[in-house]
Amino acid sequence: MSLDPALRSRIESLLHSNRVVLFMKGQPTMPQCGFSAKAVGALSALGVDYAHVNVLADQDIREGIKAYGDWPTIPQLYIDGELVGGSDIIEQMSNSGELASVLGVAAPDRTPPKITVTPAAAEMLANAAADAGPGSALSLSINAQFQPNFQLAQFDANAIAAESNGVRIQFDLASARRAEGVTIDWVDDIRGKGLAIDNPNAPKPVQTLSPAEADVRVAAGEVLLVDVRPAEERAVASVKLPFKTFDGNGRAELEALPKDTAIAFLCRSGGRSQQAAEEFRALGFKDVYNIVGGTNAWADEAGSDLVKY
């Protein structure tokens, strides 16, 4: 397609304003396709700052960037205004160390993770690899939400690989770090038949706190309280404890906290706070709580003079 001059100017402005730009589906915190997730993982593993463009939110850019770089797929990575390539090229450059070199950052840690494959799982995985034929390898990817994905891949002698019970498994850079200490088992029980992966690095599910429990733990400084409601709702009913908000740069400041910070989220009735808690869990926070029932329940359970609305 011919590229409209105004659209070309928009794209070039983006590339000139940012050294590293990733055109992707979704956002880094929530990629909307597996290829975009891989690209985000590669950049995140190197700790580099980059701009992103969600092509799903801009149809003109989605089609225009394909014509601009004569590259038919998304994601696309640009560095210093030059097209690097798509997901496969990004992954190859990441695994070889070339991406770190191009970006001028320290070479990433390529130490293979320590893993445990039980005998039962080893038998099943070895059979799967053998059935796939010569040149095949087992690959385990673990995304930012710590969801695992086993698949057969091309054998890569330069890949980060770990072995247990005679089974060799390849990892990309980000997955290798997330896989440290995992146990891979084969189960045949009430859950059905299949691989079960126990990952000690995965954030715990969002936990619940009653208002009474939250009152005690926040007052003791054990948990950081975050009220996700807008200012007009907080003006109607607000707990008499220290709390943070999403106002202004509030959310960005919270996201920058250490991932082991204990955070409890509060809203009117528990719905919005549950969503916020899930989002922070997806960001890697390991100790996240939702206050059940919100301020309305707090008014009943914590002996508060809060107004119910």
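Strands, like helices, are DSSP runs numbered from the N terminus (E, at least two residues, for strands; H or I, at least four residues, for helices). The model is predicted, so that local features need pLDDT of at least 70 and side-chain atom pairs count only at pLDDT 80 or more, while totals for chains, interfaces and linings use all residues. Residues are numbered from 1 along each chain as its sequence is written, and side-chain values use heavy atoms, with hydrogens and water left out.

Two strands are taken to pair if DSSP finds at least two bridges between them. Helix 2 (residues 34-46) packs on the sheet and touches strand 1 and strand 5, its direction making about 160° with that of strand 1. Contact denotes heavy atoms within 4.5 Å; axes are lines fitted to C-alpha atoms, for helices over the stretch in contact, and angles run from 0 to 180 degrees between N-to-C directions. Helix 1 (residues 5-17) lies across strand 1, strand 4 and strand 5 and runs at about 135° to strand 1.

An open sheet of 4 strands shows mixed pairing and the order 4-1-5-6. Its edges are formed by strand 4 (51-54) and strand 6 (82-85), each of which pairs on one side only. From one strand to the next, the twist averages 25°.

The loop between helix 3 (59-69) and strand 5 contains P75, which is joined to I74 by a cis peptide bond with omega of about 15°. D70 lies in the loop between helix 3 and strand 5 as well. Although D70 is not a glycine, its phi is positive, at about 55°. D70 is classed as exposed because its relative accessible area is 67% (buried means under 20%, exposed over 50% and partly exposed in between, with a 1.4 Å probe and protein chains only). A positive phi, near 50°, is also found for N165, a residue other than glycine; N165 is located in the loop between strand 10 (160-164) and strand 11.

Strand 11 (residues 167-171) includes Q170. With a relative accessibility of 6%, Q170 counts as buried. A polar atom of the Q170 side chain lies 3.5 Å from the backbone oxygen of Q154. When residues up to four places away in sequence are not counted, Q170 touches A137, L138, S139, L140, Q154, F155, D156, A159, I160 and A161.

A search of the whole structure finds 0 disulfides, a disulfide being a pair of cysteine sulfur atoms within 2.5 Å.

Overall, the secondary structure of the chain comprises 12 helices and 18 strands. The C-alpha trace spans about 70 × 60 × 35 Å along its principal axes. Of the 309 residues, 41% count as buried. Among contacts in the chain with a separation of 6 or more, 63% are between residues 24 or more positions apart. The chain exposes about 15500 Å², of which carbon and sulfur atoms supply 50%; accessible areas come from the Shrake-Rupley method with a 1.4 Å probe, and for residues only the protein chains shown count as cover.

Conventions. Polar contact = N/O pair within 3.5 Å; in protein donor to acceptor, adjacent residues only side chain to side chain.
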